[in-house]
Amino acid sequence: MKKTETAENEGLLVRRIKNGTVIDHIDGGEALNVVKILGITGTTQEALSIATNVPSRNMGCKDIVKLTNRELSKEEVDRIALISPRATINIIRNFKVCEKKGVEIPTIIEGIVKCPNPGCISNTNEPIQSKFNVFPKGLHCYYCDWVISKDLTSYII
Amino acid sequence: METRHLISIGDFDRAEIDNLLDYARQLDQGNYNKNFLYGKILATLFFEPSTRTRMSFESAMARLGGTSLSVGSVEACSIAKGETLADTIRVVSGYADAIVIRHPKEGAARLAAEFSTVPVINAGDGAGQHPSQTFLDLYTIRQSMPIDKIDIALIGDLRYGRTAHSLASALSLYNARLHTISPKGLELPATLEAELSDKGMEIIEHDALSEVIREVDVLYVTRIQRERFPDSSSYFNVSSSYRITPELLCGARDHLIILHPLPRVDEIDPRVDVLPYARYFEQSRNGVPVRMAMLMQVLQ
């Protein structure tokens, strides 16, 4: 079996997984935000391994997240592009990489980021999720037009 | 056919704005079918106080042969019992052919449009948008001069003043030059300023109106709200320094027009009312033909 880049570079710093998803090439220090943006918390069932600030030839340092027994959908992984656009997704089945793909910045994101505007209708008890249009300069609240152009991670729900 | 909502001036391009203003002018001249909206019902949902906007929408509806329904005060409706706006809108959609809404939360009209089965017109949402006011502001400017490349001064509370935000956005389509004069802390929001600059609009900040009064074609005055200040004395200090008086208008261009969305409190000296520059009462009257045009557009 061909060794994965992860296994070679980190000398199995984090154990290989049989089935699941490996998110590689996450910008150094962003792994915890990636986990947050995917909605993975201490109460979710999957075994989760995180390696942060791993030396990388191309990136200097990178983070890696391994999630066992769960294959992330395209919609889920594209959220990661908001904070780590160089991330790559490897779907693992029986220790083999079956799919390898990059992340694409979505045009619209719902229910992931909270609008910072306290006067926004999305911050009330209305039966809606937050919704943002994604533009090159930042996230644009669909409801109140507020723009988030920096510190995106501090607004992740 | 897809339901047409009127939520933000940003949803309109230049041609659409010009078309609506042309249409309003026809209506203003009396060229319309007085039963055009016969049998149609407009629901006016005002969760904040309003005199001009609400009455001019009701007047516009009546002039076109339609009728209006309203909930009365907020205290008298189900919102006071904790009902969500989404539910209120779903219910009212069944009672009327269009909804006009004013709400203290920004984005409320956008939410209403998501849950409504009939057209929604935004009549002001918090510090956000107020597109019908913008249409009548533009209409009033166009009565006196072409809108293209005007120099306009916005004075007063530019941070929370939604009419100023909407107007500035619309004027970016007309290559207008924006002069801003506002108290510290009530400046144009940085995000809006960046958005306007990206659209190529020139924005110049001034400390006092006297710096720019000789250069502007339009002076747009907004109310400085007392609740934005920590105490009464700081409010009076600021508001008096932003008051428009006949003396301050010395040297103004002959064709200058002064607009104000009203109500005014102390921002314009009543002595200005009789000067040829004053157009704010005419501006208020223009709300009727402009809102007639908006109603006809969404209900036809």
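Two strands are said to pair here if DSSP finds at least two bridges between them.

Figure 1. The structure shown is a predicted model, and its overall scores are ipTM 0.88 and pTM 0.87. For chain B the mean pLDDT is 93, with 96% of its residues reaching 70 or more. Where the two chains meet, 16 residues of chain A are in contact with 13 residues of chain B. On the side of chain A that touches chain B, nine of these residues are nonpolar, five are polar and two are charged.

**Figure 2. The two domains of chain A.** Chain A is divided into domain 1, covering residues 5–102, and domain 2, covering residues 108–155. The centres of domain 1 and domain 2 of chain A, taken over C-alpha atoms, are separated by 26 Å. The contact between them joins five residues of domain 1 of chain A to four residues of domain 2 of chain A. On the side of domain 1 of chain A that touches domain 2 of chain A, three residues are nonpolar, one is polar and one is charged.

**Figure 3. Strands β1, β4 and β5 of chain A.** Strand β1 of chain A, residues 20–27, runs antiparallel to strand β4 of chain A, residues 88–93, and five bridges join the two; within this pair, A:Val22 stands opposite A:Asn90 of β4(A). Strand β4(A) also pairs in the antiparallel sense with strand β5 of chain A, residues 96–102, here over six bridges, and the bridge partner of A:Ile92 is A:Val97 in β5(A). In the hairpin of β4(A) and β5(A), two residues lie between the strands, and A:Asn94 takes a positive phi near 50°.

**Figure 4. The open antiparallel sheet of chain A.** Four strands of chain A form an open sheet in the order β6-β7-β8-β9, and their pairing is antiparallel. Strands β6 (108–110) and β9 (147–148) of chain A stand at the edges with a single partner strand each, so one side of each is left without a neighbour in the sheet. Strand β7 of chain A, residues 131–135, and strand β8 of chain A, residues 138–141, run antiparallel and are joined by four bridges. In this pair, A:Phe132 stands opposite A:Cys141 of β8(A).

Figure 5. Chain B has an open sheet of four strands in the order β2-β1-β3-β4, with parallel pairing. The edges are taken by β2 (67–70) and β4 (120–125) of chain B, each of which has a single partner strand, so one side of each is left without a neighbour in the sheet. On average, neighbouring strands of this sheet are turned by 20° against each other, direction ignored. Strand β3 of chain B, residues 98–103, pairs with β4(B) in the parallel sense over four bridges, and B:Val100 stands opposite B:Ile121 of β4(B). Helix α10 of chain B, residues 287–299, packs on the sheet and touches β1 (41–46), β3 and β4 of chain B, while its direction makes about 125° with that of β3(B).

**Figure 6. The packing of helices α1 and α10 of chain B.** Helices α1(B) and α10(B) pack at an angle of about 115°, and their axes are 8 Å apart. The crossing in which α1(B) passes α10(B) is right-handed. On the side of α1(B), the contact is made by B:Leu20, B:Tyr23, B:Ala24, B:Leu27 and B:Asp28, and on the side of α10(B) by B:Pro289, B:Val290, B:Met292, B:Ala293 and B:Gln297. Eight residues of this contact between α1(B) and α10(B) are nonpolar, one is polar and one is charged.

**Figure 7. The two domains of chain B.** Chain B is divided into domain 1, made up of residues 9–129 + 286–299, and domain 2, residues 132–284. Taken over C-alpha atoms, the centres of domain 1 and domain 2 of chain B are separated by 25 Å. Their contact takes 20 residues from domain 1 of chain B and 18 residues from domain 2 of chain B. On the side of domain 1 of chain B that touches domain 2 of chain B, the elements that give two or more residues are α1 (14–28), α2 (52–63), β4 and α10 of chain B, and the largest share, five residues, comes from α1(B). By class, this side of domain 1 of chain B has ten nonpolar, seven polar and three charged residues.

Methods. Residues are numbered from 1 along each chain as its sequence is written. Chains are lettered from A and ligands numbered from 1 in the order in which they are written. This is a predicted model: local features need pLDDT of at least 70, side-chain atom pairs count only at pLDDT 80 or more; totals for chains, interfaces and linings use all residues. Axes are lines fitted to C-alpha atoms, for helices over the stretch in contact, and angles run from 0 to 180 degrees between N-to-C directions. Two residues are in contact if their C-beta atoms, placed from the backbone, lie within 7 Å. Ala, Val, Leu, Ile, Met, Phe, Trp, Tyr, Cys and Pro count as nonpolar, Asp, Glu, Lys and Arg as charged, and the others, Gly among them, as polar. Domain bounds come from an automatic or database domain assignment. pLDDT is the predictor's confidence in each residue, from 0 to 100. A crossing is left-handed if the near helix is turned anticlockwise from the far one by less than a right angle, and right-handed if clockwise.
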